[in-house]
Amino acid sequence: MFSPADREHMAEALRLAEKGLYTATPNPRVGCVIARDGQAVGTGWHEKTGGPHAEVLALRAAGAHARGATAYVSLEPCSHYGRTPPCVDALIEAGIARVVAAMEDPNSQVAGSGFARLRAAGIEVESGLMQDEARALNNGFVSRMSRGRPWVRTKIAASLDGRTALANGQSQWITGPEARRDGHAWRARACAVLTGIGTVRDDDPQLNVREVETTRQPLKVVVDSHLRLPLSAKLLESGKVLVAAAVDDKAGIAALQDKGAEVVVLPNAQGKVELTELMRELARREINEVQVEAGFKLNGSLLREGLVDEILIYLAPSILGDSACGMFKLPELADLERKRLLQFGDVRTIGRDIRILARVVN
């Protein structure tokens with residue numbers, strides 16, 4: 001049974017973990033609090049890959065006070081040699097008496113072995129405190145480790161009647177500047193931003209983070225089955241670009257490579273990009289979170305393939321009418337029982353617009 005003090009310290013560990021929201025990838029976001037006699041004596045959070053883990057920083061801050069203390073950590077301490085030594089060794093050496101973790105590490109290299117080694121060293125171990133909050137903070141890492149694909153978030157800006165662009169393709173700007181800035185904050189936390197060739201040709205987006213400060217730009221991914229990406233596209237001007245194609249066009253590939261892009265050829269039976277395999281490829285590249293910023297065709301394809309985990313929608317106080325483009329191109333339903341269900345999460349006003357974050361249920 002966890003005490004109020006346990007919950008207080010774990011809440012602080014989660015707040016610390018959140019500091020790595022934009023920088024920890026591809027590692028999980030982890031925070032740690034070392035507490036003794038009810039008081040925190042050391043804290044730490046994992047900032048970036050290759051840097052010290054949260055537990056190590058918290059132990060350094062605690063010093064000799066760590067002996068006999070409790071370590072509150074938002075994820076099971078690692079038990080293997082990766083880019084840094086195992087955190088369980090540091091906890092054991094420091095004389096920690098008790099470890100409270102929010103959740104087990106989904107990484108198969110850990111997955112309970114960290115807890116086992118701590119217990120074998122005589123350390124009391126408890127887990128599951130604020131597990132849902134910890135999991136939400138690392139849904140991308142958990143998805144990559146447990147499902148072999150990233151967590152996919154589809155971001156949409158639409159009118160109140162659910163229209164994302166005019167019939168002629170014009171879409172800039174449906175929502176206000178505050179919503180666009182907020183969208184860039186979500187873009188900054190993603191490891192990759194994915195779009196389709198239609199959006200590139202209609203809008204010529206840069207797909208980088210500009211509206212908020214960031215130390216890292218996400219990978220730009222373009223689904224372009226027939227390699228029609230213009231070499232003058234703005235997204236090719238800076239940053240890493242991955243083009244997913246369905247044709248092995250040597251000349252087209254070479255031209256894009258000359259512009260600094262990388263091309264992967266992943267055809268399906270219909271001559272289009274195999275989206276499920278694309279997600280596996282992104283996972284192999286240690287991509288935890290993908291933010292989709294595409295048109296209704298690619299949005300619909302991803303949803304049909306069961307590859308969308310959550311939808312981030314900004315609804316503007318405007319109406320564009322039936323002739324404008326919708327959010328998802330999906331087959332007509334003859335039965336309401338076949339509708340796709342969502343679970344609303346966060347709903348709030350951003351400037352003049354409404355932002356809805358919803359999980360895909362089925």
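**Close-up views of a predicted model**

**View 1. A network of salt bridges joins Arg 29, Arg 153, Arg 189, Glu 289, Glu 310 and Arg 359.** A salt bridge is a side-chain nitrogen of Lys or Arg within 4 Å of a carboxyl oxygen of Asp or Glu. By this rule the count comes to 24 salt bridges. The structure is a predicted model, in which local features need pLDDT of at least 70 and side-chain atom pairs count only at pLDDT 80 or more, while totals for chains, interfaces and linings use all residues. Residues are numbered from 1 along each chain as its sequence is written, and side-chain values use heavy atoms, with hydrogens and water left out.

**View 2. Asp 89 and Arg 117 form a salt bridge through their side chains (2.3 Å, N to O).** Asp 89 belongs to helix 3 (residues 87–94) and Arg 117 to helix 4 (residues 113–120), so the pair ties together parts that are 28 residues apart in sequence. Helices (H or I, at least four residues) and strands (E, at least two) are DSSP runs, numbered from the N terminus. Asp 89 is partly exposed, at 28% relative accessible area, and Arg 117 is partly exposed, at 34%. Buried means under 20% relative accessible area, exposed over 50%, and partly exposed in between (1.4 Å probe, protein chains only).

**View 3. A salt bridge links the side chains of Asp 322 and Arg 163 (3.6 Å, N to O).** Asp 322 lies in the loop between strand 12 and strand 13, and Arg 163 in the loop between strand 6 (151–159) and helix 7 (177–189), so the pair ties together parts that are 159 residues apart in sequence. Asp 322 counts as exposed, at 70% relative accessibility, whereas Arg 163 counts as buried, at 19%.

**View 4. The side chains of Arg 352 and Asp 353 meet in a salt bridge (3.6 Å, N to O).** Arg 352 is exposed, with 51% relative accessibility, whereas Asp 353 is buried, with 0%.

**View 5. Leu 298 is located in helix 11 (residues 296–304).** With 12% relative accessibility, Leu 298 counts as buried. Leaving aside residues up to four places away in sequence, Leu 298 touches Leu 194, Thr 195, Gly 196, Val 223 and Leu 275; contact means heavy atoms within 4.5 Å. Leu 298 and Leu 160 are 138 residues apart in sequence, and their C-alpha atoms are 21 Å apart in space.
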